[in-house]
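Visitor: Please pick one spot in this model and take me through it closely. Then carry on from there, so that I can see how its surroundings are put together.

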Amino acid sequence: MATFAEYAALARQLADQRRETDRDAVAADRHRSALRATLDQLTRRLDAQSHRLDQLGRAAGVTADPPAAPGARPASPTVSPAGTGAGASGGRAGGSPEPGTAGAGGAAAAPGRPGVGAYPQGATTTGAVVAVPAAAGVPAPRAGGVDPGAELTEARRLADEADRLIGLTETVGRRPPLLPAWSPLARALAVYAACAAAGVVLAMVLLGVAGVVASPGAVYVATCGALPVLCFVAGYLVLGRWGRPALGADGPPPRFVPLGFVTCVLLMPLAYCGYLVLFRLLR
């Protein structure tokens, strides 16, 4: 017979095992709570990223596809059971349908009815099993156990990378497509100067054909009056079209109208007159 000391030792052993089990349960509960908190944080981050991506898509003129309805499944192709031809579906010619077919389709067309069991996936009425290919885009199940902590760590890393790319996209989107690294003043000056230079070249071409296509007086009026105004309008339109960023632009971009007017309307005729004076002096 067991003595009292043996019973006491067994009781102590059971108590130690109970305390160890309780400690393990508490540790597991804390671990689950930490994983749940991390999952909630990642869910909030993903919701914020989805909102930001939706804003970026609307700013870029890209609309996302509408989400699928809850519980909706993609339509699967219908496979006719083997041996169900025109004669098999209606039974023998002139006779009644065979048992299990129930007319046009019968119980085979409505599995789950009382007394009729549903066919297993990939099975036909003849009992042959057909291999059903996996749906495209669905990853195969992983072999072995999955560590939730490692999965959440990888998801957090991907979320950090997505935040970095979204921030980079927003930085690029807040810059205008025309000379994005330049300041607004430098960009406007460059655009108006380019338009004025194009106007000077066109004025020289008109001066070369003066007296042949048009009278010299009309050419001078065009080069000193209409052409500078057209160059200013061209620079104004270019800044309005390509000087506005896709994101964060509530109003029209800065176009610096006085600067453009001075550059095109005043400097261009001066440059043209200077060319005429130089041309006459060199003759």
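**A surface leucine and its surroundings**

Guide: Let's begin with Leu-237, whose place is in helix α6 (helices are DSSP runs of H or I with at least four residues, strands runs of E with at least two, both numbered from the N terminus). With a relative accessible area of 54%, Leu-237 is exposed (exposed means over 50%, buried under 20% and partly exposed in between, with a 1.4 Å probe and protein chains only). This is a predicted model, in which local features need pLDDT of at least 70 and side-chain atom pairs count only at pLDDT 80 or more, while totals for chains, interfaces and linings use all residues. Residues are numbered from 1 along each chain as its sequence is written, and side-chain values use heavy atoms, with hydrogens and water left out.

Leu-237 belongs to a nonpolar surface patch together with Val-229, Val-233, Tyr-236 and Val-257. Such a patch takes residues with over 30% relative accessible area and no salt bridge; nonpolar side chains (Val, Leu, Ile, Met, Phe, Trp, Tyr) are joined within 5 Å, and like charges within 9 Å. The five residues together have about 400 Å² of accessible area (Shrake-Rupley method, 1.4 Å probe; for residues, only the protein chains shown count as cover). Helix α6, residues 216-242, gives the most to this patch, with four residues.

Staying in helix α6, we come to Ala-222, which is partly exposed at a relative accessible area of 27%. Setting aside neighbours within four places in sequence, Ala-222 is in contact with Leu-227 and Pro-228 (contact means heavy atoms within 4.5 Å). The C-alpha atom of Ala-222 is 8.8 Å from that of Leu-206, and the two residues are 16 apart along the chain. Leu-206 lies in helix α5 and is also partly exposed, with a relative accessible area of 27%. Apart from residues up to four places away in sequence, Leu-206 touches Val-219 and Thr-223. Between Leu-206 and Pro-216, which are 10 residues apart in sequence, the C-alpha distance is 9.3 Å.

Helix α5 (residues 184-208) also has helix α7 (residues 257-282) as a partner: their axes come within 9 Å and cross at roughly 35°. Here axes are lines fitted to C-alpha atoms, for helices over the stretch in contact, and angles run from 0 to 180 degrees between N-to-C directions.

Two loop residues deserve a stop. Phe-256, in the loop between α6 and α7, has a positive phi of about 55° although it is not a glycine. Leu-179, in the loop between α4 (148-173) and α5, likewise has a positive phi, of about 50°, and is not a glycine. Most residues other than glycine have a negative phi. Phe-256 is partly exposed at 31% relative accessibility, and Leu-179 is partly exposed at 29%.

Helix α4 takes us on to α1. Arg-45 forms a salt bridge with Asp-160, with the closest N and O atoms 2.7 Å apart (a side-chain nitrogen of Lys or Arg within 4 Å of a carboxyl oxygen of Asp or Glu). Arg-45 lies in helix α1 and Asp-160 in helix α4, so the pair ties together parts 115 residues apart in sequence. Arg-45 is buried at 19%, whereas Asp-160 is partly exposed at 41%. Both belong to a salt-bridge network that also links Arg-52, Asp-163 and Glu-170.

Stepping back, the protein chain has seven helices and zero strands. Buried residues make up 18% of its 283 residues. Of contacts between residues at least 6 apart in sequence, 67% join residues at least 24 apart.
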